[in-house]
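Thanks for coming, everyone. Please have a look at the screen before I start talking.

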Amino acid sequence: GKKFRLPPSTGASCWFDFALACADKNRLDAEYLSFYWQLRHERFWEKTVPFAEPFLSGACVLVDRQWACQNGQTLFDPRFFLYFEDTDLSVRAAFAGRPLACVPAAEALHYYDQSPAPGKSKGELMAVAHQEFKGKYYPQVSYMFEQPEGYEPVIENLGDRTTPPEFSWTSGKSGSRRYFEIGVNPMFIPFAQAELPAGEVPIIPAALWERQAAGVYFGRIRDTMRGTLKRWQWKKI
């Protein structure tokens, strides 16, 4: 019920994959990539009139079927069984000079990560689809490179949970906006976001907790001027 603002589509590209890999190894890259993603998220949710986007999520999208199926094409490329079919469609539109528009007045209620469980895990299916995407658009590019050290941000581990975690937090004063954000990786790319009123402690509503799949989650409080103030990690079991 509009508890959290979900992220725009991350899409896929060689530079973004490389940026994520670098951010996983180096603090400087992690900080810069996080800053880029925050700007993208804010732009996405603060617009009030239709605007261009490089990728659109298949969770809620309207497609000109006459264009998509011209010259004997199918709406979706059959090599993408599950995941990345919307990313592929966005790239096809971009290459054809068909701008993608996001319309703020259109609204959809989307429960995050609620697809029926297939035979394989979501992560496995996404990895297979990602390889298909790279094979289609980057057949000659090698993704192999090495970085000497990893970057581990300071995160308070709240352990295994059967109930929503309780977040220990002293807010302090701030003249800027603060958000409580949830992600599935420590870089928070992407993240779901809820504004955190002054003096309030973040909570995960019981209804949202019940819908979330089992797995590892990350939470943080982020101030628009002071940056990330605190991070947590927990595992829903």
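Predicted model: local features only at pLDDT ≥ 70, side-chain atom pairs only at ≥ 80, totals over all residues.

I will go through the sheet, a pocket, the salt bridges and a few backbone details.

Five strands make up an open sheet, and their order is 3-7-6-4-5. The pairing is mixed. In general, strands of a sheet pair through backbone hydrogen bonds, and they can run parallel or antiparallel. Which strands stand at the edges? Strand 3, residues 156-161, and strand 5 do. Each has a single partner strand, so one side of each is left without a neighbour in the sheet. From one strand to the next, the twist averages 20 degrees.

Now look at one pair inside that order. Strand 6 covers residues 215-223, and strand 7 covers residues 227-236. The two pair in the antiparallel sense, over nine bridges. Across from Tyr217 stands Trp234, in strand 7.

Back to strand 5 for a moment. Glu195 lies there. Its relative accessible area is 46%, so Glu195 is partly exposed. Where does the chain come back to Glu195? Take Phe4: it is 191 residues away from Glu195 in sequence. In space, the two C-alpha atoms are 8.3 Å apart.

I picked the second largest one. Helix 2 gives the largest share, with eight residues.

The general idea is simple: side chains of opposite charge can pair when their charged atoms come close. How many salt bridges does a search of the whole structure find? It finds 14. I will show you three of them.

Number one is Arg27 with Glu31. Their closest N and O atoms are 3.7 Å apart. Both residues lie in helix 2, residues 27-46. They are four residues apart, which is about one turn of the helix. Are the partners buried or exposed? Arg27 has 55% relative accessibility, so it counts as exposed. Glu31 is partly exposed, at 38%.

Number two is Arg43 with Glu53. Here the closest N and O atoms are 2.5 Å apart. This pair links distant parts of the chain, ten residues apart. Arg43 is in helix 2. Glu53 is in the loop between strand 1, residues 51-52, and helix 3, residues 65-68. Arg43 counts as partly exposed because its relative accessibility is 34%. Glu53 is buried, with a relative accessible area of 5%.

Asp77 counts as buried, at 12% relative accessibility. Arg79 is partly exposed, at 42%. This pair also belongs to a network. Salt bridges that share partners join Asp77, Arg79, Asp88, Arg92 and Lys136.

Last stop, the backbone. Go to the loop between helix 3 and helix 4, residues 85-95. Tyr83 is found in that loop. Its phi is near 80 degrees, a positive value in a residue other than glycine. Phe84 is found in that loop too. Phe84 also has a positive phi, about 75 degrees, although it is not a glycine. Buried or exposed? Tyr83 is buried, with a relative accessible area of 18%. Phe84 counts as buried as well, at 12% relative accessibility.

One more peptide bond to look at. It runs from Ile189 to Pro190, and it is cis. Omega is near 5 degrees. Where is Pro190? Pro190 sits in the loop between strand 4, residues 178-183, and strand 5, residues 192-195.

Methods: Residues numbered from 1 in each chain as written. Heavy atoms only, no water. Salt bridge = Lys/Arg side-chain N within 4 Å of Asp/Glu carboxyl O. Buried < 20%, exposed > 50% of the residue type's maximum accessible area, 1.4 Å probe, protein only. Pairing = 2+ DSSP bridges. Axes fitted to C-alpha atoms, helices over the stretch in contact; angles between N-to-C directions.
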